[in-house]
Amino acid sequence: MTGYRKVHEEVRAHSDSAVLVAVSKMHPYEAVLDAYADGARIFGENRVQEAESKFPPMGERPEGMKLYIIGQLQRNKVKRALQIADRIESVDSLQLIEKIEKEATVMGRQIEVLLELNSSEEEQKAGFRSADELIEAGKYILSSCPHIILKGLMTVGPLGYDEEKNAKAFSFAHTVFGKLNSLSPDCDVLSMGMSADWQQALAAGSTEVRIGTAIFGARN
Ligand SMILES: *Cc1c(COP(=O)(O)O)cnc(C)c1O
């Protein structure tokens, strides 16, 4: 059994509805196609440059294949991200939001986004530093960014697996997600959980897990 099928079954055993994003960073397009043949439809990539060299252009991809950008996005790469991505899950500043709205307007498209929360107070981690900042950013999108479709919240658990630290971070993220969801019922995605901690994330209310290693094997 291939990695995708196995992980998909495991995720289904924990949740009827959780979305599984197959994180294909640092794995070749052949691996993407193998997973696609097994039913995978949503793929996650960290870097715009890698994603655009790996995937066919939008409109030329296999039926139903979607690409989400999940890694930190620099403002100068927003335009390229909008040319390849179905969603940006790692939006972490007002400046980035302004830039996305501006470029999406020029391109005449709408883009789905998640706001990333730094739920573990780790300095090196991306994401909004506080619940208030993230909620303000959500309000700004809903009131002033017609080209951005706010879908929800994303977070990365604490570095290194630690059940207690994870529980704290996931519970915090779930609380902030509830506030975001109360601004708009369309904000219904809570993306948290990776290979090492997805079971715990689902138990804490995650609606979407992003899994790489457990599907595709270790990255070099
Ligand atoms: C790499 C990555 C993942 C997947 O991590 P694994 O541990 O390989 O499952 C998920 N989310 C983000 C933001 C990542 O960068």
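User: How many bridges join E4 to strand E5, and do they run parallel or antiparallel?
Analyst: Keep in mind that this is a predicted model. There are 3 bridges joining E4 to E5 (residues 111-117), and the two strands run parallel.

User: Which residue stands opposite Leu-115 in E5?
Analyst: That's Val-91. Another such pair is Ile-88, which stands opposite Val-113 in E5.

User: What does the chain make out of E4, E5 and the helix that goes with them?
Analyst: With helix H5 (residues 94-107), E4 and E5 make a β-α-β unit, and the unit is right-handed.

User: And which sense does E4 pair in with strand E3, parallel or antiparallel?
Analyst: Parallel, over 2 bridges, with E3 covering residues 66-69. The bridge partner of Ile-69 in E4 is Ile-88. Ile-88 is also the residue that stands opposite Val-113 in E5.

User: Which helix goes with E3 and E4?
Analyst: Helix H4, residues 78-84. E3, H4 and E4 make a right-handed β-α-β unit.

User: Which residue in E6 is the bridge partner of Leu-117?
Analyst: Thr-155.

User: I was also eyeing Leu-150. Where is it found?
Analyst: Leu-150 is found in strand E6, residues 148-155.

User: Is Leu-150 buried or exposed?
Analyst: Buried: its relative accessible area is 4%, and the cut-off for buried is under 20%.

User: What does Leu-150 touch, leaving out residues up to four places away in sequence?
Analyst: Val-113 and Leu-115 are among its contacts, along with Gly-138, Ile-141 and Leu-142. Leu-150 also touches Leu-180, Asp-186 and Cys-187.

User: How far apart are Leu-150 and Asp-186?
Analyst: In sequence, 36 residues; in space, 7.4 Å from C-alpha to C-alpha.

User: Switching to pockets. What volume does the largest pocket have?
Analyst: About 600 Å³. The lining has 27 residues, and those nearest the pocket's centre are Lys-25, Asn-46, Val-156, Met-194 and Arg-210.

User: How does that lining divide into nonpolar, polar and charged?
Analyst: For the largest pocket it's 11 nonpolar, 10 polar and 6 charged.

User: And the second largest pocket, what's its volume?
Analyst: That pocket has about 320 Å³. Its lining divides into 3 nonpolar, 5 polar and 4 charged residues.

User: Which residues line the second largest pocket?
Analyst: The list includes Lys-25, Met-26, Asn-46, Arg-47, Val-48, Gln-49 and Glu-50. Gly-71, Gln-72, Leu-73, Gln-74 and Lys-77 line the second largest pocket too. Note that Lys-25 and Asn-46 also turn up in the lining of the largest pocket.

Definitions and conventions: Residues numbered from 1 in each chain as written. Predicted model: local features only at pLDDT ≥ 70, side-chain atom pairs only at ≥ 80, totals over all residues. Heavy atoms only, no water. Pairing = 2+ DSSP bridges. Helix = DSSP H or I, 4+ residues; strand = E, 2+ residues; numbered from the N terminus. Right-handed = clockwise from strand over helix to strand, strands pointing away. 1 Å grid on protein atoms, 1.4 Å probe; cavity = no way out; pocket = protein on both sides within 12 Å on 5 of 7 lines; lining within 4 Å. Points joined across faces, edges and corners; volume = space filled by probe spheres on them. Nonpolar A, V, L, I, M, F, W, Y, C, P; charged D, E, K, R; others polar. Buried < 20%, exposed > 50% of the residue type's maximum accessible area, 1.4 Å probe, protein only. Contact = heavy atoms within 4.5 Å.
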